[in-house]
Amino acid sequence: MLIAIQAVVLFPLWFEIPSWITAATIGLLIVKYLTYKFNIKLPSWFLLIFVFSAFIGIFAYFRTISGRDAGVGLICLMYGFKLLESKSYRDATLMLFISFFIMVMAFLFNQSIAMGLYLLLAMLAILSGIVALNSINGIKGLRHLSKLSGVALLQAIPIMLVLFFLFPRLPGPLWAMPDKSQGGTGISDSMSPGDIGSLTTFDDPAFRVKFDSAVPSASEMYWRGMVFSNYDGFTWREGSRSPTRTTNIPSFETRYQYRVQMEPNKSRWLFGLEQLATAPKDTYLFNDFTWRRPKKIINQFNYSAEAVVYDYQGVVLSEFHRSVNLQLPRTGNPKSREWAKTLFAQSRSTEDFIQRILSIINQQQYHYTLTPEVLEEDVVDGFWLGTREGFCEHYAGAFVFMMRAAGVPARVVTGYQGGEYNPYGDFYLIRQSDAHAWTEVWVDNKGWVRVDPTAAIHPSRIEEDLRPRATRRDDWFSDKVVGFDLPQGFLQKLQMRWDAIKSFWDDSLMSYGQDEQHDWLSKLGIHSNQWRYLGYGLVVTLLLSSLLFGLWLLRKSIKRDPVEKYYELLKQKLMKQGVSIPEHYGPQAIIELLDKRYPQLHEKYSIAIKFYIGIRYKKETDDESWFKRFKAQVKTL
Amino acid sequence: MHKTLTPVFNQLNKVVLGKSHQVKLSVACLLAEGHLLIEDLPGMGKTTLGQAIAKVFGLEFQRIQFTSDILPADIIGANIFDKNDGQFKFHAGPVFSQLILGDEINRATPKAQSALLEAMEEQQVTVEGETFSLPEPFFVIATQNPSHQIGTYPLPESQLDRFLFRIELGYPDPSFERVLLKGKSGRQNLNTIEPLLDLTELLSIQEAVTQITVSEHLLSYVITLIKVTRESPDFAHGISPRGGLALIKAAKAWAFLDGRDYVLPEDIQQVFIPVVAHRLESSLKSNSSAVSILEELLAQVKVPS
């Protein structure tokens, strides 16, 4: 039993810890099983050797024994050893209680709903273990055990809720998980396409949008965040920019109106549907058409805005802006520069040049992947003429580089692309994983034209699991785009529901931190969430709840047994019929009373009363089935 | 009604008119292997009932008339010198019989009373160091005159305890009295009674009675009743454990007579007063008799659901 529980508890961790530790813990379980089965006693020096070698192994592998990975690995091994040396009741109890702790370690790696559910199951298993260990009458089968422990789990829910809401929260995560080699999707204030080896997509919501006007198609939804015009050969950064004076803005007309509910992103920029012309309240509009808040957004923030179409007819790009958007480092990436100049010379116009590059991306072996090779020097050369694989940042960066090399003003725009409609909330959800980078190229009389080189990649060269997302993008080659969306209808609805549940899980449960706790308590009129007060509150609540629980238990023990309950019910029903039954009348006396004075009721009621007599006074009746029949009889009365 | 006993009751009711409840109690007493005390005025048919029971069950019957000068030897028997043999020989007294009718037991002196009562309890008598077993079954029906009558020695509580039931016959109903006065029943019918059961049948019935089921639930009712008598201010003391046992025994016999193999609270209620009333003494505070207090008490105690 303990072996099974340990296996259940360790299962999710096996995927996270180094494989040799996984193998070792499984090995320990098998050794325990064998020693148990063949009743072998392991000498304690033997175990000691193993424990020391485990320490050494962990240290050799991680170069430390603290920290998340090393710590978890070590604990897993020790957990296995503890089971190996367990023999008494005390050991078993200890094992089970340690299991609770070890179980929670799985949350260090994964906090999804599935994990939550799995751990609930694991908890049930551990509780069953405790129940089995402490049962006097022996185990009555697994169902009985899980029923008992399930009830215990349910009883613990109030305490669980209290602890969840009131347990003092730390300002920020308990442990940061800095990991250099991985990047996350999302928006940052710079872009260095070469140095990211693996991009992890986070499904956290970035913001939600409700449209007050007509809704653009998802492929048209480019949510502009920042513009990078400064390139140092490796990293793209925001260039020189200034808040606009309205006179600088060409004439425009409004196309869409919408409201945005923004998740706190701890930065100052806002996102808007292209093109941007006006700024939400207290927000600056810069002359590269980006928004900027005066302060970092740390709480959920709502704003409304509009998307416009500019009329660039006759508008000339100022010399200053032209130079800003043509800036390139003096050296580096010579091949690409040469390549771009050659191609531009062959092109008829700027637009033709753009089209040619896009065709090359579409028709040659350019791949879309979230795990490109890391490039050290001459990033654009390496990508464009070498690896030919990357994600939006690579494509956008390289595209702008070549535009500029050919003398066409261009810049990188980052933000989010797309949005998922939720019919249950009538909003579009934009996730961190929708983060995207595209480009703008200056075309005379047309102004800044959006070009999304990533969208030009042929669908067959997009990593399979990324296709649905990628194909949502602006399609320059729409005839070649294959749809990968789920079939309309049931499946999609199911997915939406799941999203709704998941967003509840993420938004309300996982992100419940100090600020949320403070908000929540303020609503209750408690304005301080200092540790001390929370501690007091917690203690008081727990005491009160245990008191209430105790009273409830007391009440329950006084509660009448079911036979009595239904017999009383039967008597009540009789009394409603006008029959007065003296207190000291036994069942037989009632039957006789009915027989003499209420013959019309006698037939109906005497059957039920006879069942009652059978249960209460007859010898060795099958009480369970008799009770069922008695109950059924009383119910029909 | 248990079917083998139906003719028995028919016969008895022919002799003792209009007293079917008392007749049933008397038979229940016999089946529960207890002794019966009938308390009533002279001439109410006590002796007739006793004789009828003896006849119908085919039991050996002896009647002892208790008087103020009766001696223990008159009841038990004595060693008498036999001239022919030249030695003392035990002459068994009337107590060596299966059914004894002890008439007007409270007229005798305590010494004579106790001779019978000891025999009842121990099912044996000892005369000059020699022990003689009494026959089986051994059933005593004693009658007594109400204790307020002149010339009575009331039985002490310890001896009353040995009777399972104490019943009162009471005056007959006018309709039965009419039949009685016409002279068409009573003792004349006594001679027509024939034994309907033999000894082995009686013993097997007695055995069957002990097998009757008493459920836990019923016991809790009995315990409540006992507790109430012990706590009641109307009694000097409550029902003794022996009294409790007697109650269960009697209720079993009653259930058997009703043709059931399990005891119901109603059985307890039916036998409660005959079993309990003579064992309890109403306290000085109380003016009412034990019987009426017990009736009240029965009506107050709720049968557990």
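Reply: In H5(A), the buried residues are Asp91(A), Ala92(A), Met95(A), Leu96(A), Ser99(A), Ile102(A), Met103(A) and Met105(A). Buried means under 20% relative accessible area, exposed means over 50%, and partly exposed lies in between (1.4 Å probe, protein chains only). The model is a predicted one: local features need pLDDT of at least 70, side-chain atom pairs count only at pLDDT 80 or more, and totals for chains, interfaces and linings use all residues. Residues are numbered from 1 along each chain as its sequence is written, chains are lettered from A and ligands numbered from 1 in the order in which they are written, and side-chain values use heavy atoms, with hydrogens and water left out.

H5(A) covers residues 89–105, which is 17 residues. From first C-alpha to last, H5(A) reaches 25 Å, close to the expected 24 Å; the expected span is 1.5 Å times one less than the number of residues. Helices (H or I, at least four residues) and strands (E, at least two) are DSSP runs, numbered from the N terminus.

Chain A as a whole has 21 helices and 20 strands, and 43% of its 637 residues are buried. Of the contacts in chain A with a separation of 6 or more, 69% are between residues 24 or more positions apart; a contact means heavy atoms within 4.5 Å.

Strand E18(A), residues 427–431, is mostly covered, with five of its five residues buried. Phe427(A), Leu429(A) and Arg431(A) point one way, while Tyr428(A) and Ile430(A) point the other way. In a regular strand the side chains alternate between the two faces of the sheet. E18(A) pairs with strand E4(A) (residues 205–211) in the antiparallel sense over four bridges, where two strands pair if DSSP finds at least two bridges between them. Phe207(A) has Ile430(A) as its bridge partner. Strand E17(A) (residues 420–422) also runs antiparallel to E18(A), joined by three bridges, and Asn422(A) is partnered with Phe427(A). E17(A) and E18(A) form a hairpin with four residues between them, and Asp426(A) in the turn has a positive phi of about 50°.

Further along chain A, the axes of helices H18(A) (562–576) and H19(A) (587–597) come within 13 Å and cross at roughly 25°. Axes are lines fitted to C-alpha atoms, for helices over the stretch in contact, and angles run from 0 to 180 degrees between N-to-C directions. H18(A) and H19(A) are therefore roughly parallel to each other, since angles under 35 degrees count as roughly parallel, over 145 as roughly antiparallel, 65 to 115 as roughly perpendicular and the rest as oblique. The contact is made by Tyr567(A), Lys571(A) and Leu574(A) of H18(A) and Pro587(A), Ile590(A) and Leu594(A) of H19(A).

Chain B has an open sheet of five strands in the order E2-E5-E8-E1-E9, with parallel pairing. Its edge strands, E2(B) (61–65) and E9(B) (163–167), each pair on one side only. Neighbouring strands of this sheet are turned by 15° against each other on average, direction ignored. Strands E1(B) (35–39) and E8(B) (139–144) pair over four bridges, and Ile38(B) is partnered with Thr143(B).
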